[in-house]
Amino acid sequence: LEAHMKRFSYAFQGMLVLIIKDHKFLLHLLLALIVIIAGFTFKINEVEWLFIIISIGLVLAFEAINTAVEYVVDLVTNEYHVLAKNAKDVAAFSVVLASLVALVIGLIIFLPYVFK
């Protein structure tokens, strides 16, 4: 049991690193809060909530993975290397891709409520 609790403490330490040191993660959290408030305001249904929750979770997860990739690349080398750049660029693109999908899902869900 103690080993499992220790693993959770590592995860919470990672969450704190994201919140304290990654302004992009904070921006995603703020946008997620706005979307959640909009969901309550427009009284979206359960299926719509599922898509919103999955979208928020995926964007935050991809941002966390992107940050982890950046830390690992920076740990390995401080010098410019095309493979290091590619790793960071691809990780960053994964966040952009997840964010674009979340945006489209948000538009599909919220635009009909806005235009009612």
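Let me start with Asp 89, which at 37% relative accessibility counts as partly exposed, a label given to residues between buried, under 20% relative accessible area, and exposed, over 50% (1.4 Å probe, protein chains only). Please keep in mind that this is a predicted model, in which local features need pLDDT of at least 70 and side-chain atom pairs count only at pLDDT 80 or more, while totals for chains, interfaces and linings use all residues. Residues are numbered from 1 along each chain as its sequence is written, and side-chain values use heavy atoms, with hydrogens and water left out.

Asp 89 has a partner, Lys 85, and the two form a salt bridge whose closest N and O atoms are 2.4 Å apart; the term means a side-chain nitrogen of Lys or Arg within 4 Å of a carboxyl oxygen of Asp or Glu. Lys 85 is also partly exposed, with a relative accessible area of 37%. Both residues lie in helix 4, four residues apart, about one turn of the helix, where helices are DSSP runs (H or I, at least four residues) and strands are runs of E, at least two, numbered from the N terminus.

How many salt bridges does a search of the whole structure find? There are three, and another of them joins the side chains of Lys 88 and Asp 74 at 2.6 Å, N to O. This pair links distant parts of the chain, with Lys 88 in helix 4 (residues 82–114) and Asp 74 in helix 3, 14 residues apart. Lys 88 is partly exposed at 26%, and Asp 74 likewise counts as partly exposed at 38%.

Lys 24 and Glu 70 also meet through their side chains in a salt bridge, at 3.5 Å, N to O. Lys 24 lies in helix 2 and Glu 70 in helix 3, so the pair ties together parts that are 46 residues apart in sequence. Lys 24, at 29%, counts as partly exposed, as does Glu 70, at 23%.

Let us now turn to Glu 63, which is found in helix 3 (residues 46–76). Glu 63 is buried yet has no salt bridge, and the nearest side chain of opposite charge, Lys 24, is 4.1 Å away; Lys and Arg count as positive and Asp and Glu as negative, while His and the chain ends are not counted. Leaving aside neighbours within four places in sequence, Glu 63 is in contact with Asp 22, Lys 24, Phe 25, His 28 and Val 95, contact meaning heavy atoms within 4.5 Å.

The buried residues of helix 3 include Trp 49, Ile 56, Leu 60 and Glu 63, and its buried residues pack against helix 1, helix 2 and helix 4.

My last topic is the surface. Leu 1 lies in the segment before helix 1 and is exposed, at 80%.
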